[in-house]
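Here is a report on one protein model. Please look over the sequence and the coordinates before reading on.

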Amino acid sequence: MQILIASNNPAKVREIQAVLSVADSVGTPTRWVSVADLSQPIPEPEETGSSFVENATLKAIHYARASGLWALADDSGLEVDALAGEPGVHSAYFDRAAAHLPRAERDAANNAKLVAALRDVPEPHRTARYRCLMVLAEADQVLATADGVFEGRIVLEPRGEGGFGYDPYFLVPELGMTVAELSAEHKNRISHRGKALAIMRGKIGELSRRR
């Protein structure tokens, strides 16, 4: 069985592959392929949904149709309580003026906007969470969904060299570390994406045994 990881974000693909490539983790031999592995490129769909589940469903069906494979799509983002849940589904393009920039520069602009918006908010009130919604699709059909939440707080100075996106600013209070200070293995065990993948892995196993 081949399942397509429906993302053009290399860092996200690496995280997903790291969790799902555990030997025979879904109970059947599975090859996890990325969009970059395909012989024919698939253009990214426009993410027009107003929620994580809408965007994840849109992406999963788009890539499943185009590839002929089962496609696993992830839509995730940061929700900050003091910003009424923003940036939410707009996390990747929080700073709209930076939307055309390469990913690393866009991440820096997004983080700068986040810090500016929270500069006058005391740290105890900078509560936030990462949220991840995953959808597995085959052609036009949704086969399974899974979600995960990772609670934390926003700090105003970056810490750590790992991770991507908002990770250097996302503090895990019980550890006293930002996500960017965690090892990749530790992050994958406790993160929103890791939690969603653990649920999805079991559902894929059930689906594959019924096929």
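## Loops, strands and pockets

Ala139 sits in the loop that links E4 and E5. Element names follow DSSP: helices (H or I, at least four residues) and strands (E, at least two) are runs numbered from the N terminus. This is a predicted model, where local features need pLDDT of at least 70, side-chain atom pairs count only at pLDDT 80 or more, and totals for chains, interfaces and linings use all residues. Residues are numbered from 1 along each chain as its sequence is written, and side-chain values use heavy atoms, with hydrogens and water left out.

Ala139 is not a glycine, yet its phi is positive, at about 55°. Its relative accessibility is 40%, so Ala139 counts as partly exposed. The cut-offs are under 20% relative accessible area for buried, over 50% for exposed, and partly exposed in between (1.4 Å probe, protein chains only).

The loop between E3 and H3 holds Ala84. Phi of Ala84 is near 55°, again positive in a residue other than glycine. Ala84 is exposed, with a relative accessible area of 75%. Pro87 lies in the loop between E3 and H3. The peptide bond from Glu86 to Pro87 is cis, with omega near 0°.

**Strand E3**

Is E3 enclosed or open to the outside? Of its 11 residues, 11 are buried, so E3 is largely enclosed by the rest of the structure. In a regular strand, side chains alternate between the two faces of the sheet. Trp70, Leu72, Asp74, Ser76, Leu78 and Val80 point one way from E3, while Ala71, Ala73, Asp75, Gly77 and Glu79 point the other way.

Two strands pair if DSSP finds at least two bridges between them. E1 and E3 run parallel, joined by three bridges. One of the pairs there is Leu4 with Ala71. E3 and E4 are antiparallel, with 10 bridges. Glu79 has Arg129 as its bridge partner in E4.

**Nonpolar cores**

A nonpolar core is a set of buried Ala, Val, Leu, Ile, Met, Phe, Trp, Tyr and Cys residues joined through side-chain atoms within 4.5 Å. The largest has 20 residues, of which Leu72, Met134, Leu136 and Met200 touch the most other members. Two or more residues come from each of E1 (2–5), H1 (10–20), E3 (70–80), E4 (127–138), E5 (141–154) and H5 (192–210). H5 gives the largest share of this core, five residues.

Contact means heavy atoms within 4.5 Å. Beyond its neighbours within four places in sequence, Leu72 is in contact with residues including Ile3, Trp32, Met134, Leu197 and Met200.

**Pockets**

A pocket is an open set of points on a 1 Å grid over the protein atoms alone, where a 1.4 Å probe fits, with protein on both sides within 12 Å along at least five of seven lines; lining residues have an atom within 4 Å of a point. Grid points are joined across faces, edges and corners, and a volume is the space filled by probe spheres set on the points.

| Pocket | Volume | Top contributor to lining |
|---|---|---|
| Largest | about 820 Å³ | E3, five residues |

Lys12, Glu47, Ser76, Ala92 and Tyr93 lie nearest the centre of the largest pocket, out of 37 lining residues. The residues lining the second largest pocket include Arg14, Phe164 and Lys187.
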